[in-house]
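Okay, thanks for coming, everyone.

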Amino acid sequence: MKKFDHICLLKDEQITEKCLRLLNDAIGVQFSDFYLTNWPEQGATPGKGIHFQPYQVREGITIDGVQMGHQLSPSTIVTEKCLIRKIVWSYTVSEKHDRSTKPRIGYLRLEMLNGRQVVVNMKTLNRTISVHDKYHSMEGVFIITTFQMSSSILRLRICGSYDALDFEKAFDYYSLWDVSQHARALLHKHAEKERKAHRRVTKESSYRSYEGFESERTHNQVDIFVNNELLDP
């Protein structure tokens, strides 16, 4: 509790990875629920069409020349069809309900971890209801845990992390749902890409910092060393 109280007193800019590692090397796994529509926290109510399970995202197929709609269906485990890399959405706007406390989503784009993309639009557009021209987005690794739709999306809750490594770690401790082997392989592959990208950025940043340090040293006429450490003159 003392560590928790200490962290609560820190300013946002003070809560760095280095700071957290000093408190506890195992701390710092980021995993959260995100409510994209404003509904109260509640469990599953299947009778009302409300489920709390990982949702699989299936692309619509063409049958007899007719394009069928996409399917978002609840699953008992997290599969590769559940893993989302990026979510883009926009809310509906209405002259009568411009200050609604329960906004609906009129546009939703899901960019899956396997490279596929699914777009869900409003089924009906009329003069009183339209889609806002302001779009929101989140990137990382997420799964949909609650989804309900009529002409627009009524409920949408997701959970996940801003990077694949945190998502993997979270599910090692989160025993509510199992993760399929194919999903874990996809997560591991994506996490490796993130690690390589992070190492490249860190290396470039360190190189720029070193160049700046050397440039600053050229302006100093005297270098003073104490215990093999360079001190400012």
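Quick housekeeping before we go on. This is a predicted model, so local features need pLDDT of at least 70 and side-chain atom pairs count only at pLDDT 80 or more, while totals for chains, interfaces and linings use all residues. Residues are numbered from 1 along each chain as its sequence is written, and side-chain values use heavy atoms, with hydrogens and water left out.

Back to Thr37. The Thr37 side chain also reaches the backbone nitrogen of Leu156, at 2.9 Å. You'll find Thr37 in the loop between strand S1 (32-35) and S2. Helices (H or I, at least four residues) and strands (E, at least two) are DSSP runs, numbered from the N terminus. Is Thr37 buried or exposed? Thr37 counts as buried because its relative accessibility is 3%. The cut-offs: buried is under 20% relative accessible area, exposed is over 50%, and partly exposed is in between (1.4 Å probe, protein chains only). Not counting residues up to four places away in sequence, Thr37 touches Pro103, Ile105, Ile153, Leu154, Arg155 and Leu156, where contact means heavy atoms within 4.5 Å.

Another loop residue is Ser75, between strand S5 (71-74) and strand S6 (84-94). Ser75 counts as buried, at 8% relative accessibility, and its side chain reaches the backbone oxygen of Ile77 at 2.8 Å. Leaving out neighbours within four places in sequence, Ser75 is in contact with Gln53, Pro54 and Gln56.

Now zoom out. The chain comes to 4 helices and 13 strands, and buried residues make up 31% of its 233 residues.

Why call S7 largely enclosed by the rest of the structure? Because 8 of its 8 residues are buried. S7 pairs with S6 in the antiparallel sense over 7 bridges; two strands pair if DSSP finds at least two bridges between them. Within that, the bridge partner of Tyr91 is Ile105 in S7. S7 is also joined to strand S8 (residues 117-121), running antiparallel, by 5 bridges, with Tyr107 opposite Asn121 in S8. S7 and S8 make a hairpin with 4 residues between them, and Gly115 in the turn has a positive phi of about 95°.

On to the inside. In soluble globular proteins, nonpolar side chains tend to be buried together. A nonpolar core here is a set of buried Ala, Val, Leu, Ile, Met, Phe, Trp, Tyr and Cys residues joined through side-chain atoms within 4.5 Å. The largest one has 22 residues, and Leu36, Ile87, Leu108, Leu110, Ile144 and Leu156 touch the most other members. Elements giving two or more residues to this core include S7 and S8. A second, separate core of 16 residues includes Val141, Ala183, Leu186 and Ala191.

Last stop, helix H3 (residues 164-173). Its buried residues include Phe167 and Phe171. Asp163 caps the N-terminal end of H3, with a side-chain oxygen 3.2 Å from the backbone nitrogen of Leu165. That's my tour, thanks!

Notes. Polar contact = N/O pair within 3.5 Å; in protein donor to acceptor, adjacent residues only side chain to side chain.
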